[in-house]
Amino acid sequence: MSLTLEERERAAFANGNYELAHVLAHVIELEDDACELRAAATDDARTIEHIKRILRDALVDDCWRERAAAALEGDE
């Protein structure tokens, strides 16, 4: 069984290898940042898909201006 980054960081610190512990702490922070960015990108992709659906529906509908205006008002 391999150790997690957090466990490796703690072990490095406990063994007096502070430079390695610092590097591992930085890697952990970068991984956390990457997770947050992935979540934000997923949210952005969902928003884009929602807007595309509104636009596709609006193009099919003769009263597209009214529907688009109503959709935009709902987002405020």
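Visitor: Where is Glu-49 found?
Guide: In this predicted model, Glu-49 is found in helix H2.

Visitor: Is Glu-49 buried, exposed or partly exposed?
Guide: Glu-49 counts as partly exposed, because its relative accessibility is 34%. A residue would have to be over 50% to count as exposed, and under 20% to count as buried.

Visitor: Which residue forms a salt bridge with Glu-49?
Guide: The partner of Glu-49 is Lys-52, and the closest N and O atoms of this salt bridge are 3.7 Å apart. Lys-52 has a relative accessible area of 39%, so Lys-52 is partly exposed.

Visitor: How are Glu-49 and Lys-52 placed along the helix?
Guide: They are three residues apart in helix H2, which means that about one helical turn separates Glu-49 and Lys-52.

Visitor: What lets such side chains pair in general?
Guide: Side chains that carry opposite charge can pair when their charged atoms come close.

Visitor: How many salt bridges does a search of the whole structure find?
Guide: The search finds two salt bridges. Besides the one between Glu-49 and Lys-52, there is a salt bridge in which the side chains of Asp-43 and Arg-46 meet, at 3.6 Å from N to O.

Visitor: What separates Asp-43 and Arg-46 in helix H2?
Guide: About one helical turn, because Asp-43 and Arg-46 are three residues apart in helix H2.

Visitor: What about a nonpolar patch; which residues form it?
Guide: Leu-20, Val-23 and Val-27 form a nonpolar patch on the surface, and together they have about 210 Å² of accessible area. Leu-20 has its place in helix H2. With a relative accessible area of 39%, Leu-20 is partly exposed.

Visitor: Now the rings: how many aromatic pairs does a search of the whole structure find?
Guide: The search finds one aromatic pair. The rings belong to Phe-13 and Tyr-18, with centres 5.0 Å apart and planes at 70 degrees, so this pair is edge-to-face. The reasoning rests on the cut-off of over 60 degrees for an edge-to-face pair.

Visitor: Is Phe-13 buried or exposed?
Guide: Phe-13 counts as exposed, because its relative accessibility is 53%.

Visitor: In which helix is Arg-10 found?
Guide: Arg-10 is found in helix H1. At 52% relative accessibility, Arg-10 counts as exposed.

Visitor: What distance separates the C-alpha atoms of Arg-10 and Thr-47?
Guide: The C-alpha atoms of Arg-10 and Thr-47 are separated by 40 Å, and these residues are 37 residues apart along the chain.

Visitor: Back to Glu-49; how far apart are the C-alpha atoms of Glu-49 and Leu-5?
Guide: Their C-alpha atoms are separated by 36 Å, with Glu-49 and Leu-5 being 44 residues apart along the chain.

Definitions and conventions. Residues are numbered from 1 along each chain as its sequence is written. This is a predicted model: local features need pLDDT of at least 70, side-chain atom pairs count only at pLDDT 80 or more; totals for chains, interfaces and linings use all residues. Side-chain values use heavy atoms; hydrogens and water are left out. Rings of Phe, Tyr and Trp (its six-membered ring) pair if their centres lie within 6.5 Å; planes under 30 degrees apart count as stacked, over 60 as edge-to-face and the rest as tilted. Buried means under 20% relative accessible area, exposed over 50%, partly exposed in between (1.4 Å probe, protein chains only). Patches are made of residues with over 30% relative accessible area and no salt bridge: like charges are joined within 9 Å, nonpolar side chains (Val, Leu, Ile, Met, Phe, Trp, Tyr) within 5 Å. Accessible areas come from the Shrake-Rupley method with a 1.4 Å probe; for residues, only the protein chains shown count as cover. A salt bridge is a side-chain nitrogen of Lys or Arg within 4 Å of a carboxyl oxygen of Asp or Glu. Helices (H or I, at least four residues) and strands (E, at least two) are DSSP runs, numbered from the N terminus.
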